[in-house]
Structure formats: structure tokens, C-alpha cells
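Here are my notes on this one, as numbered points. Have the viewer open while you read.

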Amino acid sequence: MEGVGDERTVIRDQGEEKDEKYETEKGVDSSQKEKTMSKLQTSNPIPPIQVVIPGPSPLQTPSPIPSQSRQTPQPSLASLNSRAYTNRISLVIFLIHMVAAIGAVSFLGFKAIQGVLRTGASERREKRMIEFWLPQIEGSALISIILAWAWQKLVREFPTTMVHFILWTSFGTSLTAGVLLLSFSIPATDGVGVALIAFAIGNGLYACWVSPRIRFTGKILSKSLQPVAKFPDINHPMYWMLGIAFMWMSLWTFAVIGALNFKFPALTILALVLSLAWTTEVTRNVANLTASRAIALYYLRGMQSDLQVCFQRSISRNLGSACLGSLFLPTIEALRIIARILNLLQGEDEFMFSCAHCCLKVMDFVFHYGNSWAFVHVAAYGKGLMGASVSTWNLFERNEMEPLVDSDITSAICFLTGVASGSICVIFSASWTFAEHKSFTATVSLLAFFIGYLMVIDISTPFPSISSSLCLSFPTNS
């Protein structure tokens, strides 16, 4: 019995030793796990929701923030390569309009040529118009092409100086054209001359009012033109659009001549004028989208895109947004400028104050859903025009950039560039027409101004204005 008891004692002692050994191993394992967890915790940054005592201790150095946390979140590559067609309804409407416009221009141009080949009173009138009317219009178009190329070169070389020059050149040329038309002492030209002189006075007041912003606008233009050296063919899409616009305007001029002997000539010519304005604005915004796409990819991805690929995207997937913006944005921006001027001139009259304030609020609301800055996000992310307008303006509001955006006058400078060129075309065509055939002076002056303005604004505005938009629409990258 004593042997059995001894054996039980030995077995119990061995069990106790195993338990102690197991507890010791378990303690070692738990201590190793605690060490591993502490290493993992120290290797990760402290979440921002935890409270950290400000200021490092003298014996510790603050751990560097990982480079991933300093990087600005960028959109995915998929969002920059959207294959959806934007604003399809406006695209379909524009295509239908172009089919109708091509048919109308072809038919009316044929009527003009047919009238020239026949004999009769009306046909002799058409011959006179082609002889004394067509050369001046074509000459104005050629002058506007030369001016557009000159504006582009000079703005890229001397941005700040050209802001001053354009502000006062538009004032001088419009005033000169108005005085010239008044000197002809023809009732029709007197009305056009008074309108140009009134515009010149407003232009001079505007130039004085925005003089504190000229330096800022020059800096914006200088900043926006920095990537130009990396894209030597950046202006090629604009030249293509300019060539298309010149050929279309030549055909359009024959259509206007044919419309004079057509039913309801005034309404027909008005429809042709509106069609030409929309078509030219679309070509301008196609160039805008092309430049925006190339420069946006340069800012966001650091890549140099093929301009032909960007141009093909602009005339296919983003053409609907260009058509919709060309139809409404010029009117919206003009009304917003008028509302801002009325808000400045409302004075102490309560009624004027309430009306001006109400108009400004309404136009700011509309401007939030439709503005020219949207073309940047349309080209970059493939959004529709309204969604791009909202996202762009929200970006300005988040960064508190509304005063900065309103201080930029590049769009006004582009508009005044077109006015100055149109006024120069008026001086050229009106002098020529008055010497040859006085009765056509007023008509030729109006068409020369219209064509000179459209041709210049079609090529001279896209790159500076959209590059400035890019600088402000991507503030973290510019």
C-alpha cells in the first residue's frame, strides 16, 4: 500500500509540474502577443479621433506622417475616361438644327446664284449686292482672322500688358467706329453709330472700375499659360474650327443675299443670324473642351495627351454639353453681370435696393446651375453641363473662392477682344461701302461687326479663358 501511495504522490507531483510548465508557456505566449500588438500599434499613425497631448516630450521626436496621408485624393482613372455621351437631348436638337441650316443655306445660296444669272430688276439688285456687299464681308472675315491670330500671340507673350491694351483698345475702336458712322449722316448708320458710342462710354467706365483687378488677371493669365510650352499643337483644334467657321460664313453670306428676294426676308435673315451665332459658339466651346481636356489631364495626372484624341472626344462624347452651354450660358452670364451692376447702383431707394437684390439672388441661383466654368469638369470627368456647374461652384464654395472667381475678368477681356476686332471691321467695311454704294453702308457695317466679333472670339478666347478656369477649378493642382 505504501508503494501505491508513493506512486500517486509521484504522479501528482508530475501533474503539478506540467501545470506550472503550461502556465509558464502560456504567460510567455501572452507576453509575446502583447509585444506584437504594441509593435503594430506603434507602427500605425494615431487616428485623428483620439486625443493627443500637444507638443512632443523633450526625449521623444514626433514620428513622421506617412507620405500616403499627405497626398491629395485624386479621382480614379475611370472617372477621367468616361465614355458616356453628355446632354444627349441638346446634341440631337443641334444635329437637327444643323441639317435644317445646311438645307436652308444651300437652297438660299442657290437662289442667290440663280438670281445673278437671270435678268430683271430683282436680279440686278442681287448683282449689285454681290459687287458692292460681298467683298467687304469677305474682307472683314479675313481681317478678323489676322486679328485673332495676333491677339493669341500677344496675350501669350505679354499677358498683363495686353489686359490694359484690350480694355482701352476696345474703348477707342468702338468710339471711332461710332463717330465714323455718325459722320456719314445717313439715318440707318446714325442708329448704329449711337449704339457704338454708348457702348464705348460704358466700356470706358468699366475699364476704370476694374483697374484694381488688372494685375490679378495678368497673374491668372501668366499662371494659366505655363503649360503651353508642353503642348505645341494646342491651337491646332482652334485653327480647324476657324477654317470651318470661315467656309460656313462664306456660304452663309450667299444665303443672306438669296433671302432678300425670299418670302419674309426679315424673319429669314434673323433665323440665319441666330443659327450662325449658335453654330459659331458651339465651335468655340469645342475648342474650349479640347484645351480643357488636355490641360486637365496634365494637372491631374501629369500626362501629355494627344490633342487629336481630345478633339475627337470633344466633337463626339462632349458635343451635347457644348451645344447646351452655347445656347444658354452667354445669356445667363450677361444677365448676371447686369444684376451685379444694378446691385452696385441701387443707391438709397428701398424699391431699387429690393429689386436689385432680388435680381442678383435669382441670377446667382441660376448661375450655380449653369456657368462657363463647368466646361472644365465636363472635359475632365465627362459630366453633364448642369452637374458639372454644380460640382465646380461647390468646389469654389468649399475653398471660399467666390471673391477670387468674381475678381477674374478674363471672360470680359475675351469679350472686349471680339468687340475691338468687330469695330475695326466696321471701320474698314463702312469706309469702303460708303465710297462705293452708300445705301448698303448700315447693313454691311452690322454684318461686318457681327462676323468680326464671332471670328475673333472663336479663336482668341478658348485657351486663355479655359486655362484660367482650370487654374481656379483645380486649386490644389495649380
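1. Which residue just after α14 takes a positive phi? That is glycine 382, with phi at about 70°. Helices here are DSSP runs of H or I with at least four residues, strands are E runs of at least two, and both are numbered from the N terminus.

2. Some housekeeping. This is a predicted model, so note that local features need pLDDT of at least 70 and side-chain atom pairs count only at pLDDT 80 or more, while totals for chains, interfaces and linings use all residues. Residues are numbered from 1 along each chain as its sequence is written, and side-chain values use heavy atoms, with hydrogens and water left out.

3. The overall picture: the chain has 19 helices and 0 strands. Of its 478 residues, 43% are buried (buried means under 20% relative accessible area, exposed over 50%, partly exposed in between, with a 1.4 Å probe and protein chains only). The chain exposes about 25,800 Å², and carbon and sulfur atoms supply 65% of that (areas by the Shrake-Rupley method with a 1.4 Å probe; for residues, only the protein chains shown count as cover). Take the contacts between residues at least 6 apart in sequence: 80% of them join residues at least 24 apart (contact means heavy atoms within 4.5 Å).

4. Back to helix α14, residues 374-381. All 8 of the 8 residues are buried, so the helix is largely enclosed by the rest of the structure. The buried set includes Phe375, His377 and Tyr381. Valine 378, also in α14, is down at 0% relative accessibility and counts as buried. Leaving aside neighbours within four places in sequence, valine 378 is in contact with Leu289, Asn318, Ser321, Lys383, Gly384, Leu385 and Ala388.

5. How many salt bridges does the structure hold? The count is 2, taking a salt bridge as a side-chain nitrogen of Lys or Arg within 4 Å of a carboxyl oxygen of Asp or Glu. In one, the side chains of arginine 284 and glutamate 281 meet at 2.5 Å, N to O. Both sit in helix α10 (residues 265-301), 3 residues apart, about one turn of the helix. As background, an α-helix has 3.6 residues a turn, so residues three or four places apart point the same way. Both partners are buried: arginine 284 is at 15% relative accessibility, and glutamate 281 has a relative accessible area of 14%.

6. The other pair is arginine 336 with aspartate 364, where the closest N and O atoms are 3.1 Å apart. Arginine 336 lies in helix α12 (residues 319-344) and aspartate 364 in helix α13 (residues 350-369), so this bridge ties together parts that are 28 residues apart in sequence. Arginine 336 is buried at 10% relative accessibility, whereas aspartate 364 is partly exposed at 31%.

7. Aspartate 458, in helix α18 (residues 441-460), deserves a look too. Buried or exposed, what is aspartate 458? Buried, with a relative accessible area of 0%. Neighbours within four places aside, aspartate 458 is in contact with Met241, Leu242, Ala245, Thr280, Thr283 and Arg284. Its C-alpha is 9.4 Å from that of tyrosine 239, a residue 219 places away along the chain.

8. On the α7 side the contact is made by Phe199, Asn203 and Tyr206, and on the α17 side by Ala412, Phe415, Leu416 and Val419.

9. Most residues other than glycine have a negative phi. Serine 185, in the loop between α6 (159-183) and α7, has a positive phi near 55° and is exposed at 58% relative accessibility. Glutamate 400, in the loop between α15 (385-398) and α16 (402-407), has a positive phi of about 55° and is exposed, with a relative accessible area of 66%.
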